[in-house]
Every structure is written in structure tokens, then in C-alpha cells.
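Try each task before you read its solution.

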Amino acid sequence: MRAKLSYAITAAVLVFYFVLVGSRGVMLIESGTVVTVTFGVAVLILPVIGLWFLWKNTQFVRKANRLAAELDAEGGLPVDELKRTPGGRIDRDSADEVFAKRKAETEAAPDDWRSWFRLAVAYHDARDTPRARKAMQRAIALHEGRTIEV
């Protein structure tokens, strides 16, 4: 619940920022000179890109959460079997060991979204966020009946 609240607050702050920047772009365009109109248009592009990025990220998170809820209902969420340091951080060797199991599971069932979901969690635990995201995108695509290249 805390993560959802943090995400909502961050999204609200970003939207406020985009509105603020967009209003400045409109003000520049309203000035009417060639230079200010050019800058105004350039400034308006930033909030559009930011809103698109925020929208795509939100869709990704919602889909991943739906998969997690479905997997939880099936009793298939990965069990946290990771060893932790006294400070609470995940032990690297432990994360690598779990990752090797999840990778083998995914190689044995490459068309199963569940194995890709668990592999994404293992990548995340191993602090490999780009690969975690790609594995989760693959899980979402397989769940939706789409195919994507990984």
C-alpha cells in the first residue's frame, strides 16, 4: 500500500509540474514573436513526452500488479527464500542462486507467463532492473496472448 501511495504522490507532483511547464509554454506562444513561439512549442513538447511516459509506466505497473494478484490467487507467487544481511539487504550470492533456479524454470517453460513473472522478480532481487522490466513485459505479453522479442 505504501508503494501505491508513493507512486500516486509522485505522479501528482509530475502532473502539477507538467501543467506548470505547459502554461509557461503557452505564455511564450502568446507573446507572438518568432523566438518566443519557437521556445513555447519546444517547452510544450516536454510535458507531452512526460505525460506519455507517465501513462506508459502506470499501465505497466497496473498490468504487473494484475499478474501478481492472479498468481497470488493461484498460490504461485515466488516464496521469499533469500538470505539477508544484518542490515536487511539481499545477500548477492543468495539472489544469484535463486536467479539460477528461476532462469532454469523459464528455459523449461518459455511460453509460461508465470515463469517469466518469477524470473522478473529474481532479476529485481539481483538488482538488474532493466532485465527485470523486460522479463515482466514478456510475462504481460504472454498473459495477453501477444508475442514479443526479448
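**Exercise 1. Find in which order the elements of the protein chain run.**

Start at the N terminus. The elements read α-α-α-α-α. The totals are 5 helices and 0 strands. Helices here are DSSP runs of H or I with at least four residues, strands are runs of E with at least two, and both are numbered from the N terminus.

A note on the source: this is a predicted model, where local features need pLDDT of at least 70, side-chain atom pairs count only at pLDDT 80 or more, and totals for chains, interfaces and linings use all residues. Residues are numbered from 1 along each chain as its sequence is written, and side-chain values use heavy atoms, with hydrogens and water left out.

**Exercise 2. State what share of the residues is buried.**

Buried means under 20% relative accessible area, exposed means over 50%, and partly exposed lies in between (1.4 Å probe, protein chains only). By that cut-off, 29% of the 150 residues are buried. Ser115 lies in helix 4 and has a relative accessible area of 1%, so Ser115 is buried. Ala141 lies in helix 5 and has 0%, so Ala141 is buried too.

**Exercise 3. Describe the pair formed by Phe99 and Tyr123.**

A pair of aromatic rings is described by the distance of the centres and the angle of the planes. Rings of Phe, Tyr and Trp (its six-membered ring) pair if their centres lie within 6.5 Å; planes under 30 degrees apart count as stacked, over 60 as edge-to-face and the rest as tilted. This rule gives 2 aromatic pairs. For Phe99 and Tyr123, the centres are 4.8 Å apart and the planes stand at 50 degrees, so the pair is tilted. Phe99 sits in helix 3 (residues 92–108) and Tyr123 in helix 4 (residues 113–125), so the pair ties together parts that are 24 residues apart in sequence. Both Phe99 and Tyr123 are buried.

**Exercise 4. What is the phi of Arg127, and where does Arg127 lie?**

Recall the background. Most residues other than glycine have a negative phi. Phi of Arg127 is near 65 degrees, a positive value in a residue other than glycine. Arg127 lies in the loop between helix 4 and helix 5 (129–144).
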